[in-house]
Amino acid sequence: MAQKIQGTEDLYGDYMRAWQHMQDTARELFGAYGFDMIETPAIEQIDTFVHGIGESTDVVRKEMFRVVSGALFSTLLEAGSEHGLKPRQRMAMRPEGTAGVVRAVVENNLVPQGSSPAKFWYAEAMFRGERPQKGRLRQFHQIGLEWIGASDAASDSECIIVLLEFFKRLGFDPAQLHVALNSMGDEACRPAYREKVRQFIVDHQDAMCDDCLERAKINPLRSFDCKNEACHAIMQQAPLVTDNLCDACVSHYDQVKAYLHKAGIAFSEDPTLVRGLDYYTRTVFEIDVVGAAVGAIGGGGRYDGLVEVSGGKPTPAVGFAVGFERIMLALASCGHPLEIPQPSCVYVAYTDAPQRQAVFDATLALRRAGIRAEADYQGRSLKSQFKQADKLGASLCVIIGEDELAHNYYTVRDMQTHEQTCVEVDGLVAFVSEHC
């Protein structure tokens with residue numbers, strides 16, 4: 001029997017309705033802030049992610065799924081390496097959303113010089129080759145927001161504010177939401193700081209893991225994000241970025257904090273917060289739920305250099321992403337599971353085969369009027385049809401029998417009160433619209 005791949009899930013029923021509700025919530029909220037939806041391909045050239053996310057990240061080094069056609073796979077087996085492949089032949093499945101959105105903005109020239117910022121949000125499946133565990137899947141779902149072309153510190157603060165409002169609308173208690181904030185500096189001050197951290201790792205190399213020693217050569221700041229407990233403890237003593245910011249980064253960071261204070265947003269500063277991707281500059285933030293024990297449920301920051309790395313002109317940008325599966329775990333842990341009830345419907349029942357055409361006509365009329373309608377398609381008894389109507393959560397049941405057909409009316413039963421009303425055929429849609 002065919003089975004799904006480990007680390008993937010089927011979305012249907014309550015779970016799918018929760019995912020759709022999350023998207024609807026994002027559409028309404030993000031739309032109020034002027035963001036339009038975007039969808040990028042699930043597969044991109046590998047360089048889209050390598051250049052943006054960074055070669056030193058676990059995402060690129062360990063987790064990114066490579067994609068090849070059957071013919072190309074045979075060629076690779078014969079050659080024994082990727083050497084000689086053209087860039088368009090080197091593909092990967094999308095491990096995160098920002099790099100693809102930036103590629104789309106650059107390729108389609110969506111932020112020409114002097115224009116207004118591009119404001120997009122997405123809701124898509126992502127793919128990472130992680131070890132499957134609770135809250136970590138190989139195919140997972142994210143909702144993200146990207147604000148490309150905005151340099152003002154207010155945009156950083158508004159991203160945090162809108163993210164908190166998103167969580168509030170999903171049912172989280174605002175008092176349980178914890179915001180961690182940091183600045184990672186920029187290309188004016190970070191190189192010198194990066195060298196200090198590199199030297200710190202070299203000075204402690206005997207106690208650091210092999211991954212951190214490799215990171216020291218490529219991007220030593222990644223070591224702050226190491227999952228090895230010994231490395232984590234050592235990195236707590238490393239030089240802090242907030243002690244090494246240039247004046248411009250200090251000013252920007254102070255403005256972000258001032259805006260948050262003015263908006264009444266509580267946060268704590270975490271000078272070791274670096275996020276997991278190399279493209280971040282200046283502001284970075286994460287939000288977790290106190291007591292939920294599921295880790296961060298969302299986060300993001302500023303990435304002023306990514307557009308240029310992706311082939312565009314220097315363009316500031318900021319954004320965030322949240323994980324659907326992680327949010328669902330956190331809500332359940334807090335005792336507020338995201339349960340979206342099955343939509344109510346109208347069930348059209350009949351007593352015998354001669355009324356089947358009338359059932360067809362009635363359901364068609366209701367559906368054309370935008371009313372969710374269900375009926376029997378298996379030749380069940382009237383009693384069984386009533387049971388099915390109950391199971392589907394029908395609010396009304398339209399009954400068509402021999403008498404109804406002969407006298408051109410329907411019997412409409414309220415499934416809660418069991419009160420029945422005779423309704424003329426031509427008046428069914430109006431009656432249902434009023435009482436459903």
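**The sheet and its helices**

Author: The C-alpha centres of domain 1 and domain 2 lie 48 Å apart, and keep in mind that this is a predicted model. Domain 1 takes in 13–188 + 246–334, while domain 2 covers 345–434.

Let's start with the sheet. There's an open sheet of 8 strands, and its order reads E1-E5-E6-E11-E10-E9-E7-E8. The pairing in this sheet is mixed. In general, strands of a sheet pair through backbone hydrogen bonds, and they can do that either parallel or antiparallel.

Now for the ends of that order. Strand E1 (36–37) and strand E8 (268–269) are the edge strands, each with a single partner strand, so one side of each has no neighbour in the sheet. The partner of E1 is strand E5 (residues 118–127): E1 and E5 pair in the parallel sense, over 2 bridges.

Next, a helix pair. Helix H6 (residues 153–170) and helix H10 (residues 247–262) have axes that come within 8 Å and cross at roughly 45°. H6 and H10 are therefore oblique to each other, and the crossing is right-handed. On the H6 side, the contact is made by Ala-153, Ala-154, Asp-156, Ser-157, Ile-160 and Ile-161. H10 brings His-252, Gln-255, Val-256, Tyr-259 and Leu-260 to that contact. Sort the residues between H6 and H10 by class and you get 7 nonpolar, 3 polar and 1 charged.

H13 and H16 pack at an angle of about 55°, with their axes 10 Å apart. That angle makes H13 oblique to H16, and here too you'll find a right-handed crossing. Ala-362, Ala-365 and Leu-366 in H13 meet Leu-428, Val-429 and Val-432 in H16. By class, the contact of H13 with H16 has 6 nonpolar residues, no polar ones and no charged ones.

Methods
Residues numbered from 1 in each chain as written. Predicted model: local features only at pLDDT ≥ 70, side-chain atom pairs only at ≥ 80, totals over all residues. Heavy atoms only, no water. Domains from an automatic or database assignment. Axes fitted to C-alpha atoms, helices over the stretch in contact; angles between N-to-C directions. Helix = DSSP H or I, 4+ residues; strand = E, 2+ residues; numbered from the N terminus. Parallel < 35°, antiparallel > 145°, perpendicular 65-115°, else oblique. Left-handed = near helix turned anticlockwise from the far one by under 90°. Contact = heavy atoms within 4.5 Å. Nonpolar A, V, L, I, M, F, W, Y, C, P; charged D, E, K, R; others polar. Pairing = 2+ DSSP bridges.
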